[in-house]
Amino acid sequence: MTDAPIPRTPSLLARAIDSDIFYSFRRSRLTIVAAAIVFLLLMMALFAPVLVVQNPFDPAQLELINSRIAPLWTAEGQKPFLLGTDEQGRDIYSAILYGMRISLVVGVLGVSFAAVLGIGLGLIAGYIGGAVDSLIMRIADVQLTFPAILIALLIDGVVKSALGNHLDASTTLIVLVVAIGLSFWVQYARTVRGSVMVEKNKDYVAAAQLIGLPARVIMIRHVLPNTMGPILVIATINLALAIITEATLSFLGSGMPDTMPSLGTLIRIGNNYLFSGEWWVIAFPGLALASLILSINLLGDWLRDALNPKLQ
Amino acid sequence: MLAFILRRALQSIGVMIAVGIIAFTMFRFAGDPVNQMVAIDTTPAQRAEVRASLGLDDPVPVQFARYFINAVQFKFGVSYQFRQPVSALLKERMPATLELATCATVIAMVFGILMGIYSALRKDSFFAKVLQAVSLIGISLPTFLIGILLIYLFAVTLGWLPSFGRGDVVKFGWWTTGLLTISGLKALIMPSVTLGLFQMTLIMRLVRAEMLEVLRTDYIRFARARGLTTRAIHFGHALKNTLVPVITVAGLQFGSVIAFAIITETVFQWPGMGLLFVQAVQNVDIPIMAAYLLVVSLIFVTINLIVDILYTIVDPRLRATINRPA
């Protein structure tokens, strides 16, 4: 008997580098650039407190003496305000970093809420079927005919009328997350339901039922992991949409207040100075928002193609 | 066929009733309508009087029935901020929105189809690749940023076009139109381009994909074999089959164009229903919000119904599946 060398299991990192998905990532230069931009913006948002010259949310740190300063490289520029300041003496660069934090937090939480809600309802609809299924799917059908932004605006208005018109910033943030979550759940529910209908007739589910596992365990531990590919793609593309929705709500004046501005709020503030020549108040937040959304969209497009078995 | 239309119409009525329940719930339970309508120094007795005159003491089903009967006659109550009937406000604002949405759809269809055909027929040319890249950016930029960019370019820097409002309008009965005056037309350009841009990129991508698909089919190869000119093949045979799904999508999208007009109307201060709705959300004017929801839903549901019925008339294959017993 010879001792055949037992092949060592490659480490997780080695397996990741060797995988198809990493190969397709390396092959696409545009995707690498997009990923780098997303990573850079994420890091800037994450470490914002150490990267800024002032806390733009703290009124005590804003001085009116510093208002309406042009960007550093122009003739009227002043240190340390790299991208200039707005009317309240808020440093635009600092405000963008903090605003991006809010945009990302609302986006990620909103998408997570939508995903949990949609996946849950999709699992229930697909696994139980019958009247529950048709009820959930009819609601989904009706909601799908309305654009998400309209639903989010309505939810926002109803919550305001129930809780009073002047909410503090953190409550507004929660309202935005809920509004976005409730506007985007349908796609997850439909996708998960479809996969569950396919998966639940397979042998492994029958085996799990046979050994007496409860439906809840079968759904979450066994069926759900097999539906995750498309969910990941939808979540990435939805993240861009959720950030757009938050920015739009804030731009329309139904989102984050001026005291705790997100990127959309900054653009709304800047819009007031469009005619007085202070272009930097709006241009840089707009640029930040556009590059964030475009990069996430590019990543989402790539992920969709990379995970699509038809294209491989 | 008739059974299908009836069933489809019943479904639409069901959706409208569901939306009606949501609108009524908002109207009745989100905040106290009486508080919104009276002054702070109103006595409790007067409040009770207002309450009784609005019928808020009746059982909820009775109130719903009354709301429903009124809504069917387009009576949506009185706006809290303007103290005017909501239906009058909506009627005054509706022409502006419909005109804007129609112009945006026309622009989106004309340019979207032309650009789609071009990028399908010359799919390796430089300009076609530029179009693809621009369409990705067009989808990624939020509507309000595009609007602001256009205002900065054409209103602030160049001064060619007005940045807000409708310009001069001409009245026909209760309908107002900006299509007949120079200033009205100039004011219409930027808002309708902004609103139509997303639909335009959508239609362009759709036409391109459909056209590439159709060009591979056998009947096109047969047309080539018959020695028809390229022009006749592309525009006589291929384009005709491409346009059916395009018109469907454009029709279905008309509803969301009206909803997205909310954003465009805010950017350009366009005096339409969308601007009214945004102001209503900010000021918690529930009657306007509920009425807007009902009116927009009605437009959505009607368009969906018409498109579905037209589709079955146009496409005989669908008729076969409908007539087959389920």
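Predicted model: local features only at pLDDT ≥ 70, side-chain atom pairs only at ≥ 80, totals over all residues.
Chain A comes to 13 helices and 0 strands. Read along the sequence, chain A is simply α-α-α-α-α-α-α-α-α-α-α-α-α. Chain B has 13 helices and 2 strands. In extent, the C-alpha trace of chain A spans about 80 × 60 × 30 Å along its principal axes, and the C-alpha atoms of chain B fill a box of roughly 90 × 65 × 35 Å.

How do these chains fold back on themselves? Take the contacts between residues at least 6 apart in sequence. In chain A, 69% of them join residues at least 24 apart, and in chain B the figure is 70%.

Let's go inside. The largest nonpolar core has 159 residues, and the ones touching the most other members are B:Ile203, B:Phe277, B:Met289 and B:Ala290. Helix α5 of chain A, residues 92-128, gives the most to this core, with 18 residues.

Start with B:Ile203. Apart from its neighbours within four places in sequence, B:Ile203 is in contact with B:Ala108, B:Met109, B:Gly112, B:Ile113, B:Gly116, B:Val246, B:Val249 and B:Ala250. Helix α8 of chain B, residues 182-215, and α10(B) have axes that come within 9 Å and cross at roughly 155°. An angle over 145 degrees counts as roughly antiparallel, and that is why α8(B) is described as roughly antiparallel to α10(B). The crossing is right-handed. On the α8(B) side, the residues that meet the partner helix include B:Leu195, B:Ile203, B:Leu206 and B:Val207, and on the α10(B) side they include B:Val246, B:Val249, B:Ala250 and B:Phe260. By class, this contact has 16 nonpolar, 6 polar and 1 charged residues.

The axes of α11(B) and α12(B) come within 8 Å and cross at roughly 140°. That makes α11(B) oblique to α12(B), and the crossing is left-handed. From α11(B) we have B:Met273, B:Leu276, B:Phe277, B:Ala280 and B:Val281, and from α12(B) we have B:Ile288, B:Met289 and B:Tyr292. The class count here is 8 nonpolar, no polar and no charged residues.

Next, where the chains meet. The contact takes 29 residues from chain B and 32 residues from chain A. On the chain B side, the elements giving two or more residues are α1 (2-29), α6 (126-140), α7 (143-157), α10 (230-267), α11 (273-282) and α12 (286-314). The largest share, 6 residues, comes from α7(B).

Across in chain A, have a look at α12(A), residues 263-271. This helix is mostly covered, with 9 of its 9 residues buried. Among them are A:Leu263, A:Ile267, A:Arg268 and A:Asn271. What do they pack against? The buried residues of α12(A) pack against α5, α11 (228-251) and α13 (280-307) of chain A, together with α7 of chain B.

For contrast, go to α9 in chain B, residues 218-225. That helix is hardly covered, and the count of buried residues among its 8 residues is 0. After α9(B) comes B:Gly227, whose phi is positive, near 85°.

One last stop is A:Val178, in helix α8 of chain A, residues 169-199. Is A:Val178 buried or partly exposed? With 17 other C-beta atoms within 10 Å, A:Val178 is partly exposed, because a buried residue needs 20 or more. Beyond its neighbours within four places in sequence, A:Val178 is in contact with A:Phe113 and A:Ile155.

Conventions
Residues numbered from 1 in each chain as written. Chains lettered and ligands numbered in written order. Helix = DSSP H or I, 4+ residues; strand = E, 2+ residues; numbered from the N terminus. Contact = placed C-beta atoms within 7 Å. Core = buried A, V, L, I, M, F, W, Y, C linked by C-beta atoms within 7 Å. Buried ≥ 20, exposed ≤ 12 C-beta atoms within 10 Å, placed from the backbone. Axes fitted to C-alpha atoms, helices over the stretch in contact; angles between N-to-C directions. Parallel < 35°, antiparallel > 145°, perpendicular 65-115°, else oblique. Left-handed = near helix turned anticlockwise from the far one by under 90°. Nonpolar A, V, L, I, M, F, W, Y, C, P; charged D, E, K, R; others polar.
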